[in-house]
Amino acid sequence: PPNWQADLRRRFDQRMSLLHRAQSTKKAYRYWLRRYFRFHRGKHPEPLGEDGVTAFLTHLAVEQSVAASTQNQALAALLFLYKELFEIELPWLDQVVRAKRPKRLPTVLTRPEVRAVLTQVQGTPHLVAQLLYGAGLRLGEACKLRLKDIDLHANQLMIRQAKGKKDRVAVLPQTLQRPLTDQIDFAKHQHTLDLKAGAGWVELPHAFRRKSPHAGRQTGWQWLFPATRTYHHPPTNERRRHHLHDTVIQKAVRQAATRAQIHKHVTTHTFRHSFATHLLERGTDIRTIQELLGHASVSTTMIYTHILNR
């Protein structure tokens, strides 16, 4: 690649780290910036400015027929490029042809359908899927649970740094007390073996590593659902263990829905929608559901009232 691309990549990585952006955000922005550079045939993006962004986003909507959410993600990546790296404020892009955002209702399973799908999930993904439905968690929130976030006595889960960088408390179904106790014992045993092998480190939030250098090896910070293998982290020279990857659960749920002969479009997020809808059916207050789901606005939670046709 041209020298300016290598320099831009270095500045991009530094700025992303400085702003504590998620790894998934970093990966998505990189993808769209590569698409943007190819669209303009390798020209330096700084002088292209608003005209270059407008042409690219219009191309996505008109010729590529992308979804509105896809176009918005591309726009966010380009705004980051110009604002954070070039210090250029792009005015509101009135000339951009915006992809139409369809109004869709989320897929919700009935209670028998939830039971049928969960019955077909095996192993650790089974417990994760139960948490998605029983606590209304997002997939990332469930996979990133640490041992210190589980309060079996109070029947609570502490969700850290969820969407919007907010913490919240989620319910812990009493029926999962025993399976979670077994999972905690397994995670502790796995950590003990890792320590004996010279590993036992986990990733810590942002600057916490500097405040507590040895916290990454403490039991409480270990993942509730550890991955099957360890990996080497070059910047710290640590042998770490990541949490169970999202795709493992996603694949297990898809296959389970197929085996259960559920013809709806079932994803891991369907359990969260079903959790909220079933609570609403039982007469739970909409504000309580909003708090349990971690929605910033009650208008987001209100979509489940449309599903019930109330």
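Reply: Begin with accessibility. A residue is buried under 20% relative accessible area, exposed over 50%, and partly exposed in between. Arg-160, with a relative accessible area of 44%, is therefore partly exposed. Keep in mind that this is a predicted model.

Me: How much of the chain counts as buried?

Reply: Of its 310 residues, 42% are buried. The C-alpha atoms fill a box of roughly 60 × 55 × 35 Å along the principal axes. The secondary structure consists of 14 helices and 5 strands. Among contacts with a separation of 6 or more, 60% join residues 24 or more positions apart.

Me: How do I read a salt bridge?

Reply: Side chains of opposite charge can pair when their charged atoms come close. The cut-off here is a side-chain nitrogen of Lys or Arg within 4 Å of a carboxyl oxygen of Asp or Glu. By this rule the chain has 15 salt bridges.

Me: Where in the chain do Arg-11 and Asp-7 lie relative to each other?

Reply: Both belong to helix H1 (residues 3–18), and because they are 4 residues apart, about one helical turn separates them. Arg-11 is partly exposed at 27% relative accessible area, and Asp-7 is partly exposed at 32%.

Me: Are Arg-240 and Glu-238 buried or exposed?

Reply: Arg-240 is buried, with a relative accessible area of 7%, and Glu-238 is buried as well, at 5%. The side chains of these two residues meet in a salt bridge of 2.9 Å, N to O. Elsewhere, salt bridges with shared partners connect Lys-148, Asp-149, Arg-160 and Asp-167 into one network.

Me: What distance separates the closest N and O atoms of Asp-167 and Arg-160?

Reply: That distance is 3.4 Å, and the pair forms a salt bridge. Asp-167 is partly exposed, its relative accessible area being 39%. For Arg-160 the value is 44%, again partly exposed.

Me: How do I read a pair of packed helices?

Reply: Two packed helices are described by the angle between their axes and the distance between the axes. Take helix H6 (residues 124–135) and helix H8 (residues 177–196): their axes come within 11 Å and cross at roughly 130°.

Me: Which residues make the contact between H6 and H8?

Reply: From H6 they are Thr-124, Leu-127 and Leu-131, and from H8 they are Pro-179, Leu-180 and Gln-183. Sorted by class, this contact of H6 with H8 has 4 nonpolar residues, 2 polar ones and no charged ones.

Me: How do I read the surroundings of a single residue?

Reply: Locate the residue, check its accessibility, then list what it touches. Thr-268 sits in helix H11 (residues 268–281). With 10% relative accessibility, Thr-268 counts as buried. Leaving aside residues up to four places away in sequence, Thr-268 touches Leu-132, Leu-139, Ile-249, Gln-250 and Val-253.

Me: Which value of phi does Gln-161 have, and where is this residue found?

Reply: Phi of Gln-161 is near 50°, a positive value in a residue other than glycine. Gln-161 lies in the loop that runs between strand S2 (156–159) and strand S3 (168–171). Its relative accessible area is 44%, so Gln-161 is partly exposed.

Me: What about Asn-237?

Reply: Asn-237 also has a positive phi, near 60°, and is a residue other than glycine. Its loop connects strand S4 (226–233) and strand S5 (238–243). Asn-237 is exposed, with a relative accessible area of 59%.

Technical notes: Residues numbered from 1 in each chain as written. Predicted model: local features only at pLDDT ≥ 70, side-chain atom pairs only at ≥ 80, totals over all residues. Heavy atoms only, no water. Helix = DSSP H or I, 4+ residues; strand = E, 2+ residues; numbered from the N terminus. Buried < 20%, exposed > 50% of the residue type's maximum accessible area, 1.4 Å probe, protein only. Axes fitted to C-alpha atoms, helices over the stretch in contact; angles between N-to-C directions. Contact = heavy atoms within 4.5 Å. Nonpolar A, V, L, I, M, F, W, Y, C, P; charged D, E, K, R; others polar.
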